[in-house]
Structures are given as C-alpha cells and as structure tokens.
Amino acid sequence: MQLVVNILVLASIYALIACGYVLIYRVSRVLNLAHGELMMLGAYLVLATASLFDQHPALALAAAVFLSLVSGGLVYVFLMRKMTGEMVLAAILTTVALGIFIKGMVVLIWSAQQQYPAQALGVSNPSLSIGVASISLWSAALVGVTASTYASLFVFLRFGRWGMRMRAAGQNPLLAAQRGINLHGIYALAWCLSTLTGACAGILMALDSGFTVNMPVIGLKAFPAALVGGLDSLGGALLGALIVASAEVLLIYYVDPLLSDVVPFLVLIAMLIVRPWGLFGTREELDRV
Amino acid sequence: MFKKTLLGTILASALGLPAVAQDAYVIGLTGALTGPPSSTYAPAVEGLRIYIDRVNASGGVNGKPIKLILEDDGAQPSKAAANTKKLITQDKAVLLVNASLSSTYAPMVAESKNAQVPLLFASGVCPQSVYPPADPLQFCTTGYAANYDSQAALDFVKANAKGAVKIGFAAMAIPLSRGEIDHAESLSKTMGMTPVDKEVIPPPTADYTPFATKLKDAGPNWVYSWAPWVTQVRTFEALRKLGWKDAMIAWAHLESETELPRLKDDRFYVIGANALFQDDLPVHKEIIEAAKKADSKYPPTMMTEGWIGGMAIEAALKAAGWPADAARIRNAMETMKLDTKGLRGSVIEWTKDNHFRTRLDYRVYRWDSAKSSIVRVQDWKSYAVK
C-alpha cells in the first residue's frame, strides 16, 4: 500500500511539472529548458511573500502563485516574443540562458542554502494515515493539485474559448492567425499557465521537504515523463509520469536505490526505440522536429 | 616622462605585476562561493574572512596586515585551477586555502606543488594526503574525517542502544559519502550490530519517501547517515512521515544548529568535531559579535569551520615571522599547535608526518523538547589519529 502511495506522489510531481513542458511545446513547438528553474523560482517567491504577508500563509501562497503566473507572462513578453519567427533552436537556447540567469539570480538574492518555505509561512506538515500507508499533508495536497490541474486544463482546452484558440494555434498557427486569433496572446497565455503549473509543483515540493538551488534537476527528471507520453499530449504526460514514477519507485524498493537516477531516462530510451513520438504524441509533429 | 610612467603603470597592471614589493602576508583562497554547493562553503569562507579582518583591525600579524584574496570557483575544478594559477603567479600568495568541493583538490594540489606553496583545506573534507604520512605541502583544519567519524558515531550508538542494534544506513550517491557508509557498514558488523539496509540516494531526488520506505521496512532501531545535510535530514524527515519512531544519528554539519530547533525531534542526534553555540563559550560570543559587526548574511553558527581556518592562518604566520615566504610558512605549519579556545575538544597539532591532527574529539547533541533547546548528550570523546 505504501508503495502505491509513493508511486502516486512521485507521479503527481512528475505530471505537474511535465504538463508545463507540454503546454508550451503544444502551442509553440518550443522546448522550455528553463522550466525547472521557473519551478524553483515559484518556491523562492513563497519565501519572498512569506515575509511580506507575515502570519497570513494562505495570502502569501496565493501571492506567490499569482507572481509565478505573472513571471511566466513577463518571460514571454520580454524574452520569448523576440524569438517569434526565429529558428526553434534559437528559442530553445534562449530558455537555456534564461535558466542560467534565474539560477544565478536566486543564489545572489537568497544564497544557496537549504530553504524551508513551510517554516517561513509557519505551517506544519503532519503525516496522514491512509489505511496502513502514510502520506504527508503537502504530498497529499500535491496529488490533489495535480488532479485538479489536469481536470481544469482538460475542460479549458476542450470547452473554453481561449483553450480552443490555443489548440488551433498549436495545430496551424498561420491559419489561426488568418482567422484573427491573437497568436502573441495565446503564446503568452501558454507561458503563464506553464510557469504556473511548474511553480505549483515547486511550491508544494518545497513545502513538503524544503528545497535548494538543485531543484531544477528534478524538472529535468520530469522531462522524460512528458516525452514518454508524447510531447504534445497532456493525457500522455499524465500516463508517462505514472509509468516513470512506477518504474522508479519499484526499482528503488526491489532492485537498487541508485537506479532511481537513471530509470526515467531508461524508460525514455526504451520509448524512443519503440515509439519515438510517445504514447499519445502526434507522429507528424515529431517528424517535423 | 609622465606618459612613460603612465604607460608603465598601465602595462604593469595589465600584466598583473606587483607595482611595489609586498608589504602584507598574501593569502589566496579559492572556494565555492556560488553554485549549488556554496551553502556549505560560503558561510565558512565568510567566517574565515571575518576572522582575518578582525586580526587586521587589531594590528595584523607581526606588525603586518594579512591580505586575503578570495576567488570564486563555483566548485568547478577548471576554475579552481585558474584561480590557483592567478593567486600564485599574479598575487604572489604565500599560502593557498581551499574551501570547495573535493573535485577541485587535484588541480589545486598540482599548482601548489609546481610553485611549492603550502595549501590549507579549511572547510572541505580533509584529503588522505594530510593523514600520516602527510604530503609536505598539504594541511587541513576541517572537522570531519573519514573513518573516524563513523567509528565515533557507532560507538555512541552502541553505548546508548538498549539491546541489540539493527542499524540502517543512508548515504548520498557521491564517492565520499558512499565510501564512508560502506566503511560504517563493515565496522558495524565488527561491533556486534546488525546492518539491515543501506540506501544510497542520488542528489537530485524529488521525494525521499521511496528510499525511506525501504529503509523503514528493513526494521532498523537506529539509522546512521554521513552525507551532505540535505540527504541526512530529508531521509530522517521521510522516515518520520512514515511513522518510524526510532533514533537516527547524523553528522553535525554547519546547518545542524539551525536545523535541530526546526526539527524538534528528541531522537535525532548529531555528532561533530565542533562545539555548537549552545555551549556558549567566550569564543562563540566573539564570533557572534564579529558576524554582527560585519553584517553577515550567514548565521554565526555556520562560521565555526572558517573561524578555525582563520585561527590556523594567523598562528602559522605568527610562527613564520616577517618577511615570510612559502617555505617558511610551510615549516612553521609543520610544527604548529593551535588552541581553538574550545571550538574543538583538543589542540590541533600538526607534525612533520601528520598534517591532519594527532587527536580527534567528538561531541553529540540533540534537541530536548522538555528544555526547548539543543542539549549536549555526550561530551568530548577522544580518538588518537594513527
């Protein structure tokens, strides 16, 4: 039972991070390699808002989430917008540079010390019992947030006006633009949502057990989950996260804990050999890449 | 004439040539001031810098100031090598200090040997080359020591366990930590303990619970970890979340004094070679006051290693006299006895063959909920270094 809970928690972490990769790729065909750093930035923003809204943890968390959303928009407006029409590789390299910049900036502002936003907010992290298994409060919250994020995104993309526009822009940007869809608005929205989901993952992980400037590496470990599922499929990201997390948790328990570091990439290699476009990815899209 | 002088000055500056003869002891430090591991090294460097500033403010050593040049290597070997070259050739450092990851040691040692400038390790783990028989140029003041730390920790476990010890181990997947935990596992068998599980955890880990689940299911009544603080503490917290109620002992890194009050767990022990600030020694007050005066962004409790490094530099320079070159400083260090004013359990004594120390002492601390403070549960226990 505990293994099931462990898989669920790890899969939720990977799924929440992976959906950020998918959102941007699906709309603009850009791989955001700064996603891990933007996720970490969300956790640092909690530290900032915790000192601003002392004794008001809910307000501080809401402010950090909002600022994350805004920072995603700012990244698009001041950086990625300039990449429109350029080679995709240039846009990807820009995200690499952005990641380096964010990492350097947070060390300068907050130092590289281990940080505990839960302590800064004055909130605890009790252990909850589910039958014979245990889960911490913030891990349970992470599972809940992941489920509700995917449900909301499904409804938004399927039925929402802007969601439909996002899908249209992803499928055929030229036609979408000719139909009067504001492509820059759509791309900015994708960056906002992507940064928001990544930041939520970063914040909840940090609330559970603290974090350091090494957090972006976890973002990279979630990348195979997105690729396994298919880089342009949210449902695929969810399933990919579940596959990668299951393999990781079971190999830690039954084989060797050291395998946890390579498992996501082993699963990815296996998938690339068998089905390079992922479980639910679109073959044509990947051929183009 | 003026133009020629100006040109000469500019050229000398550009080439990095000293304009005038050194009128200060030049000490060159390369350390991980930025980058992921800087949380361990930057506070120690800050402590060392503050100590040297304090020495300079009170007249320097032998009437001469100490010029401490800090270079950031970001824990990268190539940068450490470039820094060392610059410190030796351009700054004419007579003593080098390393405060960085062990991966920076090899290039720095190579440069130090080429130039025959002594090298002090002042916050990274002491390399084997300072143990007897020591390399003539390398010295170390850092508190933690491979093999001895595990011996001391397991001795504490054995002395405090009620009944048979089933022990679990947690290491980070880096050579140093793995090697020490492998050693501890072997040692535990010779001490009559039963090792039940060993988790080697990769550094970028999203969730420690899967590792802790395996560890807990092995049924240990003690867990020992000798790893960077993040691995130690997150493994412990994951065990507690799973409902494990037994005791854990871990290395007392710089962070431990700020972390024990956060964890508030009476059965989480930390063992270390430095006296924690809860001991309230006069030297602790000195560090607190100096850190406050320097308006440091790091807590004084994280500066002990650097402070001891500063003490060692001052003592070495004092013994070397003035003017001092690298050879004289090395000779002075070979016979140095450093009184750390209680920060360590005994004097740091270097000999011709031993540039580590002749004795190692350990104290053990934990959080006490009844007193709502950190308490000492074992006073200095001494081990001879062979």
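Helix α2(A) crosses α3(A) in the right-handed sense. A crossing is right-handed if the near helix is turned clockwise from the far one by less than a right angle, and left-handed if anticlockwise. The model is predicted: local features need pLDDT of at least 70, side-chain atom pairs count only at pLDDT 80 or more, and totals for chains, interfaces and linings use all residues. Residues are numbered from 1 along each chain as its sequence is written, while chains are lettered from A and ligands numbered from 1 in the order in which they are written.

Two packed helices are described by the angle between their axes and the distance between the axes. Helix α2 (residues 35–52) and helix α3 (residues 57–78) of chain A pack at about 135 degrees, with axes 8 Å apart. Helices (H or I, at least four residues) and strands (E, at least two) are DSSP runs numbered from the N terminus. Axes are lines fitted to C-alpha atoms, for helices over the stretch in contact, and angles run from 0 to 180 degrees between N-to-C directions. α2(A) and α3(A) are therefore oblique to each other. Angles under 35 degrees count as roughly parallel, over 145 as roughly antiparallel, 65 to 115 as roughly perpendicular, and the rest as oblique. Residues of α2(A) in the contact include A:L38, A:L41, A:G42 and A:L45. Among those from α3(A) are A:A60, A:L61, A:A63 and A:A64. Residues are in contact if their C-beta atoms, placed from the backbone, lie within 7 Å. The contact of α2(A) with α3(A) has 11 nonpolar, 5 polar and no charged residues. Here Ala, Val, Leu, Ile, Met, Phe, Trp, Tyr, Cys and Pro count as nonpolar, Asp, Glu, Lys and Arg as charged, and the others, Gly among them, as polar.

α6(A) contributes A:F156, A:L157, A:R158 and A:F159, and α7(A) contributes A:G163, A:M166 and A:R167. By class, this contact of α6(A) with α7(A) has 4 nonpolar, 1 polar and 2 charged residues.

Chain B is assigned domain 1 (16–144 + 281–355) and domain 2 (148–272 + 362–384). These bounds come from an automatic or database domain assignment. The C-alpha centres of the two domains of chain B lie 30 Å apart. Their contact takes 13 residues from domain 1 and 10 residues from domain 2. On the domain 1 side, helix α2 (residues 38–57) of chain B gives the most, with 3 residues.

One open sheet of chain B has 5 strands in the order β2-β1-β3-β4-β5, with parallel pairing. Strands pair if DSSP finds at least two bridges between them. β2 (66–72) and β5 (138–140) of chain B stand at the edges, each with a single partner strand, so one side of each has no neighbour in the sheet. The twist averages 25 degrees from one strand to the next. β3 (residues 95–99) and β4 (residues 119–121) of chain B pair over 3 bridges, and B:L96 stands opposite B:L119. α2(B) packs on this sheet, touching β1 (25–31), β2 and β3 of chain B. Helix α4 (residues 105–115) of chain B also packs on the sheet, its direction making about 180 degrees with that of β3(B).

Another open sheet of chain B has 7 strands, ordered β7-β6-β8-β9-β10-β13-β14, with mixed pairing. Its edge strands are β7 and β14 (373–384) of chain B. β6 (residues 166–172) of chain B and β7(B) pair in the parallel sense over 7 bridges, with B:G168 opposite B:D197. α7(B) lies across β6, β7 and β8 (222–225) of chain B, at about 175 degrees to β7(B).

The contact between the chains takes 31 residues from chain B and 31 residues from chain A. On the chain B side, α2, β7 (194–201), α7 (209–217) and α8 (229–241) give two or more residues. That side has 15 nonpolar, 7 polar and 9 charged residues.

A cis peptide bond joins B:P132 and B:P133, with omega about -5 degrees. B:P133 lies in the loop between β4 and β5 of chain B.

Key: Two residues are in contact if their C-beta atoms, placed from the backbone, lie within 7 Å.
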